[in-house]
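Biologist: Hello! I am new to this structure; could you show it to me and then take a few questions?

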Amino acid sequence: MSSSSASTITDVVLRARDLSVFYGDFCAVRDVSIEIPRGEITAFIGTSGCGKSTVLRCFNRMNDLIPNARVKGAVEYHDIDVYRSDADASEVRRRIGMVFQKANPFPKSIFDNVAYGPRVNGLHKKGDLEAIVEKSLRGAALWDEVKDRLDSSAMGLSGGQQQRLCIARSIAIEPDVLLMDEPCSALDPIATARIEDLMQEIKQEYTIVIVTHNMQQAGRVSDRTAFFTTEVNPDSDRRTGILVEYDTTQKLFSTPSDERTEAYITGRFG
Amino acid sequence: MDELRKGFHHELDEIRAESAQLIEVVIDAIPRATRALLDGDLDSADKMIRADEVLNGRCLELEERCYRLLALQAPVASDLRQVIAIVKIVSEIERSGDLAVNICKAARRIYGHNLNSELQKVITEMGEQATQLFTAALEAFRESDAAKAAAIDDMDSYLDGLQRHFIRVILESHSAGNINVQVAIQLAVVARFLERIGDHAVNISERVRYFVTGWLPENLTNPRSTNSNDDTDGIPFFEE
């Protein structure tokens with residue numbers, strides 16, 4: 001693993017140390033060590049089944065929700081182990097938000113979607129909620145499109161708008177980190193470009209980690225890229241994900257250090 | 001190894017083959033140009049001047065194909081470096097072709113003047129050395145051999161030394177009354193043209209190193225830049 005070649009990261013927000021994830025006795029991904037810097041966009045790329053989404057979900061303990069899932073190694077958020085016994089998974093998820101492949105607005109109004117998190121956190125004053133909803137929708141570059149129909153159902157928005165609504169809902173609770181699991185794979189190029197622009201605008205405030213199947217997208221939006229692949233276990237013929245290379249995006253896409261990265265991104269892989 | 005994007009990789013291979021063929025055109029042109037100069041063969045010189053149009057056209061077409069790949073295929077990693085390197089190499093080829101043409105034009109201008117054996121010898125030697133540099137650059141390019149490419153810089157130092165020697169011989173021949181000042185000036189620029197052809201071969205080899213390893217020439221440590229305080233490159237002046 002050539003992660004050591006990545007230019008020095010001084011302000012680490014998330015860190016995985018020798019992280020392995022098991023589903024029952026199946027090892028889905030093994031020995032991943034990676035540091036995610038503050039204020040940057042980090043992209044995870046690799047083939048299906050290489051463990052990139054699995055690692056992403058470890059950062060806010062979403063894997064806890066999968067039966068039989070077990071984690072070995074450590075995941076640290078600001079040097080605190082998020083898997084230690086007294087850590088509160090809800091608190092972890094409040095600070096580390098998530099946006100999914102398929103936009104998943106609640107079947108409520110646009111306003112209520114964004115206000116949902118703050119309300120759960122105990123905010124009920126109408127004026128405060130309105131301010132947060134406006135700020136979040138502006139932050140997600142959606143305000144101008146929906147400001148006159150905040151009471152309409154979120155389900156009536158287009159796919160790209162729904163995805164930006166989900167981003168607004170995530171940032172309404174002022175997280176520190178946004179995890180994005182293929183947030184644009186169901187969107188057309190214009191909606192995709194909007195989300196990508198938005199990511200650039202908000203990355204100073206929210207550290208972003210994005211899983212993407214689109215290598216050009218990783219190249220366009222991210223500051224650093226991690227390439228994952230799979231290893232086949234010769235005994236069981238099952239595949240385990242590993243982290244191959246982690247470096248600045250510019251370096252990884254112009255002069256990758258590992259042959260496997262080169263083969264994958266140029267399309268010459270076995 | 002399985003391969004995806006076969007059409008793209010095939011086009012990349014074709015572009016590479018065409019680049020090699022264009023380098024061969026220059027390798028062929030250098031000795032022909034010096035021969036035309038030494039033999040006063042104006043027919044051959046005219047043919048070469050006209051043929052340069054064809055080289056220029058092929059260079060432009062190749063450049064266009066590179067841009068098409070960049071625009072449509074979004075190459076990355078070694079594929080990207082190869083396309084970028086070829087875009088740069090094409091201009092080195094095109095420029096070297098122009099320099100060979102300039103030598104042919106000098107052949108017209110010195111037509112009818114005899115060159116003594118010492119002048120003939122050093123022109124021949126410079127032409128051969130420039131050709132060798134281009135041949136070595138082509139080998140490094142074809143074989144993606146960064147070490148071979150890196151060695152070409154030393155060969156160029158020898159060519160630079162020959163140029164200084166050539167100028168000395170020109171000055172001596174002029175002082176001895178063997179050639180007039182017009183011929184002396186024409187030969188001095190021919191020396192410069194051949195030396196520049198060598199530099200273009202070095203540039204090609206640097207681009208080979210870039211596409212093989214990602215190495216980029218660093219201006220501060222590049223000897224050809226650090227010598228730039230000396231505008232004369234150690235070339236003697238006329239002392240009259």
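Biologist: In which loop of chain A is the place of A:Asn68?

Modeller: A quick word first: this is a predicted model, where local features need pLDDT of at least 70, side-chain atom pairs count only at pLDDT 80 or more, and totals for chains, interfaces and linings use all residues. Residues are numbered from 1 along each chain as its sequence is written, chains are lettered from A and ligands numbered from 1 in the order in which they are written, and side-chain values use heavy atoms, with hydrogens and water left out. Helices (H or I, at least four residues) and strands (E, at least two) are DSSP runs, numbered from the N terminus. A:Asn68 sits in the loop of chain A between helix H1 (52-59) and strand E4 (69-77).

Biologist: Is A:Asn68 buried or exposed?

Modeller: Buried means under 20% relative accessible area, exposed over 50%, and partly exposed in between (1.4 Å probe, protein chains only). The relative accessibility of A:Asn68 is 61%, so A:Asn68 counts as exposed.

Biologist: What is the phi of A:Ala141?

Modeller: Most residues other than glycine have a negative phi. A:Ala141 lies in the loop between helix H4 (126-139) and helix H5 (143-146) of chain A. Although A:Ala141 is not a glycine, its phi is positive, at about 55 degrees.

Biologist: Which radius of gyration does chain A have?

Modeller: Chain A holds 10 helices and 10 strands. The radius is taken over C-alpha atoms, and the globule rule is 2.2 Å times the number of residues to the power 0.38. For 270 residues that rule gives 18 Å, and chain A comes close to it, so it is as compact as a globular protein of that length: its radius of gyration is 19 Å.

Biologist: How many residues does the largest nonpolar core have?

Modeller: A nonpolar core is a set of buried Ala, Val, Leu, Ile, Met, Phe, Trp, Tyr and Cys residues joined through side-chain atoms within 4.5 Å. Among the residues with the most contacts inside the largest one are B:Ile23 and B:Phe134. Helices H1 (6-39) and H6 (181-213) of chain B are among those that each supply at least two residues of this core. The count for the largest core is 74 residues.

Biologist: How far apart are the C-alpha atoms of B:Arg192 and B:Gln163?

Modeller: B:Arg192 belongs to helix H6 of chain B and is partly exposed, with a relative accessible area of 37%. B:Gln163 is 29 residues away along the chain, and the two C-alpha atoms are separated by 7.2 Å.
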